[in-house]
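Welcome! Here is a short briefing to read alongside the sequence and the 3D view.

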Amino acid sequence: MKMSEPDTRTNTTGPNPKENSIPVPEDTPNPAKQEDNTIPTEETSNPKPEVTSNPTPEVTSNPTPEVTSNPTPEVTTHPSPEVTSNPPPDEQQTEDSNNQPATETTVTETTDPRPTDSSNSVPNGEECNPIEKGQPLPVENEPSPTALQRHISVPTKSSEEKREFYREILSPCGELSQALKEKAESELNETDAVRSEKMLELRKMLMDEDDTEKGDAVSEYFGGKEDKYLMRFLRTKKFDVKKTYDMMEAYVKFRSKYQSITDQLTFNGVRHALEESFPGVLPVKDKQGHVVIIYDTGSWDHDKLSFDEMLASFLFLLENLVENEENQIRGFVVLETYEDYHITQAMRMKASDIKKLVDMLQGAFPGRFKGFHVIRQPWYFSMVMALARPFMRNKLASRIFVHGNNLKKLYEWISPEHLPERYGGIGEDYDPQPLIDELRDSLLQRGAQTL
């Protein structure tokens with residue numbers, strides 16, 4: 001019968017076409033056909049067959065529940081790959097250096113920020129992530145603290161308080177605290193006896209290698225340095241003398257190879273970049289006691305600040321930060337936001353520039369880099385990583401954590417009230433001036449003849 005045809009056609013936009021079929025409008029008999037054919041009129045005059053044989057009109061007459069019942073699970077049941085934001089396993093949870101209590105805006109607390117999912121680990125126990133494994137980078141959509149939360153009062157520091165913090169992290173700390181001694185022993189194999197023994201071995205190696213072409217350059221640069229200067233290299237390599245010497249050799253080679261960078265390593269040479277917050281340093285440490293170095297890469301103007309200028313300011317700042325023994329032991333983390341990063345900026349990056357940065361980070365500088373956190377990256381951030389990945393060793397790649405807009409794991413490192421809004425927090429905006437002022441004064445106090 002003709003009356004069965006409308007029942008077999010379905011509305012494919014509904015959630016279940018087979019169960020929720022509805023008559024297709026164009027098949028509805030027009031008035032002219034109804035005059036010539038009385039069969040449709042007789043069937044439609046009695047609604048009971050339609051109700052009992054096809055209940056679809058009652059289900060689809062109100063599509064709202066069907067539309068709203070499905071999208072939510074798709075968002076909430078697709079968390080970011082936790083591996084991209086897990087902290088390294090060798091760090092122990094410590095108190096936030098500012099000793100400020102968490103506010104209501106702090107994300108749900110966890111007892112241990114380190115990963116527990118064995119699927120996110122490689123056989124040797126180190127963390128793996130999409131960058132290390134060559135997988136596509138995620139772009140999560142979970143929002144950071146809401147605008148309403150940003151109006152909640154959060155702890156702030158005065159300019160003098162910030163200067164006091166920077167003064168502390170830029171100056172030698174003298175005698176190590178008992179807690180710091182224990183950390184150095186457990187992570188770096190450092191004891192009083194080990195320090196003395198390994199320093200003598202390193203001095204002897206500098207003398208023995210003096211006759212070789214490479215060794216001559218290393219001995220010339222480091223031969224007259226004090227023990228406290230050489231100690232930063234020994235700590236970085238956990239008092240392995242051979243690895244320490246190799247790093248010293250790479251350090252000298254880097255300075256010779258990239259003179260366009262190292263020639264700018266003066267306060268006045270990097271001041272412009274620091275004034276533009278490339279880089280900046282948060283006036284608080286993270287929960288593990290690391291100094292937090294920040295980059296607002298999305299606001300970087302290549303025409304006003306070259307890559308070499310930006311890298312020189314990074315290197316100059318690090319050289320001054322490792323004057324502090326606690327920084328030598330605890331290390332640093334880097335937080336980089338790509339909000340407003342345009343594809344034209346990514347296209348201007350050169351592989352040769354990225355290689356300079358990677359060379360410095362993985363063997364040519366005496367610093368312990370414990371994590372690189374990337375937030376709010378666009379899809380074309382992968383273009384930058386594609387340039388960098390061939391130069392990276394697995395250890396460095398395993399310490400890059402890509403968060404997207406889902407910052408829950410980042411908040412396990414540092415509370416949102418201590419992060420500027422630009423970096424996913426609810427704290428005050430970053431002010432570079434206290435750091436610049438204290439950096440200048442610390443250089444003068446250490447006897448710098450010129451700036």
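W379 sits in the loop between strand β4 (369–375) and helix α22 (381–388), where helices (H or I, at least four residues) and strands (E, at least two) are DSSP runs numbered from the N terminus. This is a predicted model, in which local features need pLDDT of at least 70, side-chain atom pairs count only at pLDDT 80 or more, and totals for chains, interfaces and linings use all residues. Residues are numbered from 1 along each chain as its sequence is written, and side-chain values use heavy atoms, leaving out hydrogens and water.

**The nonpolar patch**
- W379 has a relative accessible area of 60%, so it counts as exposed (over 50%; buried is under 20%, partly exposed in between, with a 1.4 Å probe and protein chains only).
- Together with M347 and M383, W379 makes a nonpolar surface patch of about 370 Å².
- Patch members have over 30% relative accessible area and no salt bridge, with nonpolar side chains (Val, Leu, Ile, Met, Phe, Trp, Tyr) joined within 5 Å and like charges within 9 Å.
- A salt bridge is a side-chain nitrogen of Lys or Arg within 4 Å of a carboxyl oxygen of Asp or Glu.

**The negative patch**
- On the surface, D210, D211, E213, D216 and E220 form a patch of negative charge.
- D211 is found in the loop between α12 (192–208) and α13 (213–222).
- D211 is exposed because its relative accessibility is 75%.

**The whole chain**
- There are 24 helices and 5 strands in the chain.
- Of the chain's 451 residues, 45% are buried.
- Carbon and sulfur atoms hold 51% of the chain's accessible surface of about 23,500 Å², calculated by the Shrake-Rupley method with a 1.4 Å probe.

Definitions and conventions. Lys, Arg positive; Asp, Glu negative; His and termini not counted. Charge placed at Lys NZ, Arg CZ, Asp CG, Glu CD.
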